[in-house]
Amino acid sequence: LNAKKLFDILRELPREEVHLMKEDNDWVTLKCGKSKFRLPGMPSQDFPPFPEFSEDSLLEFSSKLLKEMIRKTIFAQSPDETRQALTCLLLEREDGKINMVGTDGHRLAVIRRDLGDASKGDKLSYLIPKKAVAELMKLIEDEEATFSFSAKNNHMAFMQGDQVIVSRKIDGKFPNYQQVVPSDNK
């Protein structure tokens, strides 16, 4: 079904139970209270399959921490779509710490947080696309929830309970931000 049209209808309906019934030729009837709508649909075979993602967690962090890290770096993302790596945020794990970095070539935002002993392991580095970051911010509501991050083949996933955001990996090269940050800066 057309998601926007369905959302517009559902937004105006009373808070009652909604019934969806599939009819012939991919039409759908929606009933709620005294309201009845007949919507054109599309065959499910026309949609791409959901991408494969790993449920094995590479990183785990609280919603509060993830929200803070995104909020403190997102302003430095580049709006210039021609430099794809700069439109992303860099997420990396190194020596028990997690870093998130954003830059547009003029501004640089870096946030480092300690994840404890559970996060120690190989160095990880991923570019999180702008759209995935925007969707993550919408998903973060409960500050007590825990997010898991995983990666498999060409996809990465953020999981929180039953909700999953899957995004394609970006293969660009993020600038070496460590050259710019003074090493004696505390």
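Modeller: A term before we start: two strands are taken to pair if DSSP finds at least two bridges between them. In this predicted model, Ala 151 has Met 156 in E10 as its bridge partner.

Biologist: How many bridges join E9 to E10, and which way do they run?

Modeller: Strand E9 (residues 146–152) and strand E10 (residues 155–160) run antiparallel and are joined by 5 bridges.

Biologist: And what is the strand order of the open sheet?

Modeller: The order is E4-E9-E10-E11, an open sheet of 4 strands with antiparallel pairing. Strand E4 (59–62) and strand E11 (163–168) are the edge strands, each pairing on one side only, and from one strand to the next the twist averages 20°.

Biologist: Which strands does H2 lie across?

Modeller: H2 lies across E4 and E9, and its direction is at about 90° to E4. H3 also packs on the sheet, where it touches E9, E10 and E11, and its direction makes about 170° with that of E11.

Biologist: At what angle do the axes of H2 and H3 cross?

Modeller: The axes of helix H2 (residues 63–71) and helix H3 (residues 130–139) cross at roughly 135° and come within 10 Å. That angle makes H2 oblique to H3, and the crossing is left-handed.

Biologist: Which residues meet there?

Modeller: From H2, Leu 66, Lys 67, Ile 70 and Arg 71 meet Val 133, Leu 136 and Met 137 of H3. By class, the residues of this contact divide into 5 nonpolar, no polar and 2 charged.

Biologist: Changing topic, why is E8 described as largely enclosed?

Modeller: Strand E8 (residues 124–128) has 4 of its 5 residues buried, so E8 is largely enclosed by the rest of the structure. Strand E5 (residues 89–94) pairs with E8 in the antiparallel sense over 5 bridges, and Arg 93 stands opposite Leu 124 in E8.

Biologist: Now the cysteine: where is Cys 32, and is Cys 32 buried or exposed?

Modeller: Cys 32 is in strand E2 (residues 27–32). With a relative accessible area of 1%, Cys 32 is buried, because buried here means under 20% relative accessible area.

Biologist: What is Cys 32 in contact with, leaving aside its neighbours within four places in sequence?

Modeller: With those neighbours left aside, Cys 32 is in contact with Leu 13, Pro 14, Glu 16, Glu 17 and Val 18. Taking one of them, Glu 17 is 15 residues from Cys 32 in sequence, and their C-alpha atoms are 6.1 Å apart in space.

Key: Residues numbered from 1 in each chain as written. Predicted model: local features only at pLDDT ≥ 70, side-chain atom pairs only at ≥ 80, totals over all residues. Heavy atoms only, no water. Axes fitted to C-alpha atoms, helices over the stretch in contact; angles between N-to-C directions. Helix = DSSP H or I, 4+ residues; strand = E, 2+ residues; numbered from the N terminus. Parallel < 35°, antiparallel > 145°, perpendicular 65-115°, else oblique. Left-handed = near helix turned anticlockwise from the far one by under 90°. Contact = heavy atoms within 4.5 Å. Nonpolar A, V, L, I, M, F, W, Y, C, P; charged D, E, K, R; others polar. Buried < 20%, exposed > 50% of the residue type's maximum accessible area, 1.4 Å probe, protein only.
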